Amino acid sequence: FGKILRKYEEKIISVIAQPFMELNPNLITSFSTIFAFLAFLAGLLHNIKTLFVFSLFSFTMDLIDGTVAKKTGRKTLFGNYYDAMCDRIVEFFIYLGIFFMVPLLSLIVIGLSFLVSYAKARLAITIPADNHDWPALGDRFDRTTTLTIGLFLAIYFPIALKISLYI
């Protein structure tokens with residue numbers, strides 16, 4: 001799924017990022033984290049529509065921060081690190097919000113998503129590799145896309161949330 005979308009990813013993200021080009025990329029990353037925290041609060045209140053909206057905003061900010069950094073020449077080592085750390089926090093907040101609706105399954109997904117992130121970092125220590133060298137199956141883009149679709153469908157079909165977590 002991710003490989004198909006990656007063909008068009010850069011063009012789509014560039015269009016979405018255009019209105020944000022004047023902002024500091026690290027600020028955009030921070031917005032992603034704030035929206036994820038709001039998604040957590042929505043999950044705490046069992047409000048699936050609001051959880052979906054804030055998750056979508058969070059994932060969108062996460063998609064565009066790197067593009068803004070590259071296209072405006074503001075790419076830094078700190079920004080790379082900050083983005084990676086905030087990515088973990090974002091996933092944690094969103095899945096923690098889902099925990100209040102689907103407890104066991106969301107804990108399993110949190111653990112597995114962190115395991116994929118750890119494995120990726122560990123691989124890069126042992127051999128030269130970057131994000132493009134890593135197989136697409138199960139990476140963050142796949143997880144967030146599947147979850148976003150699942151959250152949207154869960155507004156109308158509650159079982160869709162569980163199905164998206166299984167995938």
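**View 1. His46 in the loop between H2 and H3.** His46 is partly exposed, with a relative accessible area of 49% (buried means under 20%, exposed over 50%, and partly exposed in between, with a 1.4 Å probe and protein chains only). His46 belongs to the loop that lies between H2 and H3, where helices (H or I, at least four residues) and strands (E, at least two) are DSSP runs numbered from the N terminus. The phi angle of His46 is near 60°, a positive value in a residue other than glycine. This is a predicted model, in which local features need pLDDT of at least 70 and side-chain atom pairs count only at pLDDT 80 or more, while totals for chains, interfaces and linings use all residues. Residues are numbered from 1 along each chain as its sequence is written, and side-chain values use heavy atoms, with hydrogens and water left out.

**View 2. Packing of H3 against H4.** Helix H4 spans residues 77-99, and its axis is 11 Å from that of H3, at an angle of about 170°. Axes are lines fitted to C-alpha atoms, for helices over the stretch in contact, and angles run from 0 to 180 degrees between N-to-C directions. H3 and H4 are therefore roughly antiparallel to each other (angles under 35 degrees count as roughly parallel, over 145 as roughly antiparallel, 65 to 115 as roughly perpendicular and the rest as oblique). From H3, Leu51, Ser55, Ser58, Phe59, Asp62 and Asp65 meet Asp83, Asp87, Val90, Ile94 and Ile98 of H4; contact means heavy atoms within 4.5 Å. The residues of this contact divide into five nonpolar, two polar and four charged, with Ala, Val, Leu, Ile, Met, Phe, Trp, Tyr, Cys and Pro counted as nonpolar, Asp, Glu, Lys and Arg as charged, and the others, Gly among them, as polar.

**View 3. The ring pair of Phe35 and Phe54.** A search of the whole structure finds twelve aromatic pairs. Rings of Phe, Tyr and Trp (its six-membered ring) pair if their centres lie within 6.5 Å; planes under 30 degrees apart count as stacked, over 60 as edge-to-face and the rest as tilted. The ring centres of Phe35 and Phe54 are 6.2 Å apart and the planes are at 20°, so this pair is stacked. It links distant parts of the chain, with Phe35 in helix H2 (residues 25-44) and Phe54 in helix H3 (residues 48-71), 19 residues apart. Phe35 is partly exposed, at a relative accessible area of 21%.

**View 4. Ser113 and Ser117 in H5.** Helix H5 (residues 103-126) holds Ser113. Ser113 counts as buried at 1% relative accessibility, and so does Ser117 at 16%. Leaving aside neighbours within four places in sequence, Ser113 is in contact with Glu91 and Arg143, and Ser117 with Arg88 and Arg143.

**View 5. The crossing of H6 and H7.** The axes of helix H6 (residues 140-156) and helix H7 (residues 159-166) come within 7 Å and cross at roughly 165°. That makes H6 roughly antiparallel to H7. Thr146, Leu147, Gly150, Leu151, Leu153 and Ala154 of H6 meet Ala160, Leu161, Ser164 and Leu165 of H7. By class, this contact has seven nonpolar, three polar and no charged residues.

Notes
A crossing is left-handed if the near helix is turned anticlockwise from the far one by less than a right angle, and right-handed if clockwise.
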